[in-house]
Amino acid sequence: MRVNLTVNGSAETVDDVWEGESLLYMLRERMGLPGSKNACEQGECGSCTVYLDGVPACACLVAAGQAEGREVRTVEGLAEGAPGDERLDPVQEAFVEAGAVQCGFCTPGLIVQSHDLIERNPAPSDAEIREALAGNLCRCTGYEQILDAVRLAAARKAAARGRATA
């Protein structure tokens with residue numbers, strides 16, 4: 001089957017997609033976007049979280065054919081700028097700076113989910129951060145660095161919004 005979709009702002013066509021193929025497999029193996037990780041294949045860990053039509057979704061649970069005509073934004077798509085000259089999103093920068101990136105397996109899903117949280121709630125409380133990230137599992141960090149990263153990103157985005165309105 002052929003799947004036509006928009007990925008990270010670019011119209012894409014993927015051919016020879018088999019009926020049972022997941023969006024995650026299509027993104028990683030056919031489109032060369034390895035950011036979203038394949039961990040549990042059951043939607044339990046959040047490592048494969050992407051935006052699907054602007055809503056976070058586990059790409060392992062979405063059949064590739066369901067992406068027909070839809071918009072997907074991966075962790076790679078959060079960076080801004082031309083290819084080769086991208087600038088990391090403040091959430092991505094904060095994760096690096098706060099040490100929330102260890103083995104890196106959970107990081108893409110946590111970044112997408114954190115990005116969505118801050119877009120919806122520019123000043124989340126610790127309880128709201130924990131609730132938003134409850135579907136994302138991390139075995140390395142103990143979550144404190146992740147909370148630090150989300151707080152840092154939210155503060156930076158708030159400061160940038162303040163500068164933009166001044």
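The model is predicted. Its largest nonpolar core has 23 residues, and another core, of 22 residues, lies apart from it. The largest pocket has a volume of about 190 Å³. The structure also holds 1 cavity of 30 Å³ or more.

**Nonpolar cores**

- Within the largest core of 23 residues, Phe95, Leu110, Ile146 and Val150 have the most contacts.
- Helices H2, H3, H4 (126–132) and H5 each give two or more residues to this core.
- H5 gives the most, with 6 residues.

**Ser114 in helix H3**

- Ser114 belongs to helix H3, which spans residues 107–120.
- Ser114 is buried, because its relative accessible area is 0%, and the cut-off for buried is under 20%.
- A polar atom of the Ser114 side chain lies 2.7 Å from the backbone oxygen of Leu110.
- Beyond four places in sequence, Ser114 touches Val91, Phe95, Leu133 and Val150.
- Two of these partners, Phe95 and Val150, are listed among the residues with the most contacts inside the largest core.

**Lys157 in helix H5**

- Lys157 sits in helix H5, residues 144–165.
- Is Lys157 buried or exposed? Lys157 is buried, because its relative accessible area of 9% falls under the 20% cut-off.
- The Lys157 side chain makes a polar contact with the side chain of Glu119, at 3.0 Å.
- Contacts of Lys157 beyond four places in sequence are with Asp89, Pro90, Val91, His115, Ile118 and Glu119.
- Val91 is touched by Lys157 and also by Ser114.

**Phe105 in a loop**

- Phe105 is placed in the loop between helix H2 (90–97) and H3.
- Phe105 is partly exposed, because its relative accessible area is 38%, which lies between the cut-offs of 20% and 50%.
- Leaving out residues up to four places away in sequence, Phe105 touches Lys37, Asn38, Ala39 and Ser47.

**Largest pocket**

- The volume of the largest pocket is about 190 Å³.
- Its lining consists of Val7, Asn8, Ser10, Glu12, Glu76, Gly77, Ala79, Gly81, Pro83 and Glu86.
- By class, this lining has 3 nonpolar, 4 polar and 3 charged residues.

**Largest cavity**

- How many cavities of 30 Å³ or more does the structure hold? There is 1.
- The largest cavity contains about 40 Å³ of space.
- It is lined by 13 residues, and Cys40, Glu41, Cys45, Cys48 and Cys60 are the closest to its centre.
- This lining divides into 7 nonpolar, 3 polar and 3 charged residues.

Technical notes. Residues are numbered from 1 along each chain as its sequence is written. This is a predicted model: local features need pLDDT of at least 70, side-chain atom pairs count only at pLDDT 80 or more; totals for chains, interfaces and linings use all residues. Side-chain values use heavy atoms; hydrogens and water are left out. Helices (H or I, at least four residues) and strands (E, at least two) are DSSP runs, numbered from the N terminus. Buried means under 20% relative accessible area, exposed over 50%, partly exposed in between (1.4 Å probe, protein chains only). A polar contact is a pair of N or O atoms within 3.5 Å; within protein, one must be able to donate a hydrogen and the other to accept it, and residues adjacent in sequence count only if both atoms are side-chain atoms. Contact means heavy atoms within 4.5 Å. On a 1 Å grid over the protein atoms alone, a cavity is a set of points where a 1.4 Å probe fits but cannot get out, and a pocket is an open set with protein on both sides within 12 Å along at least five of seven lines; lining residues have an atom within 4 Å of a point. Grid points are joined across faces, edges and corners, and a volume is the space filled by probe spheres set on the points. Ala, Val, Leu, Ile, Met, Phe, Trp, Tyr, Cys and Pro count as nonpolar, Asp, Glu, Lys and Arg as charged, and the others, Gly among them, as polar. A nonpolar core is a set of buried Ala, Val, Leu, Ile, Met, Phe, Trp, Tyr and Cys residues joined through side-chain atoms within 4.5 Å.
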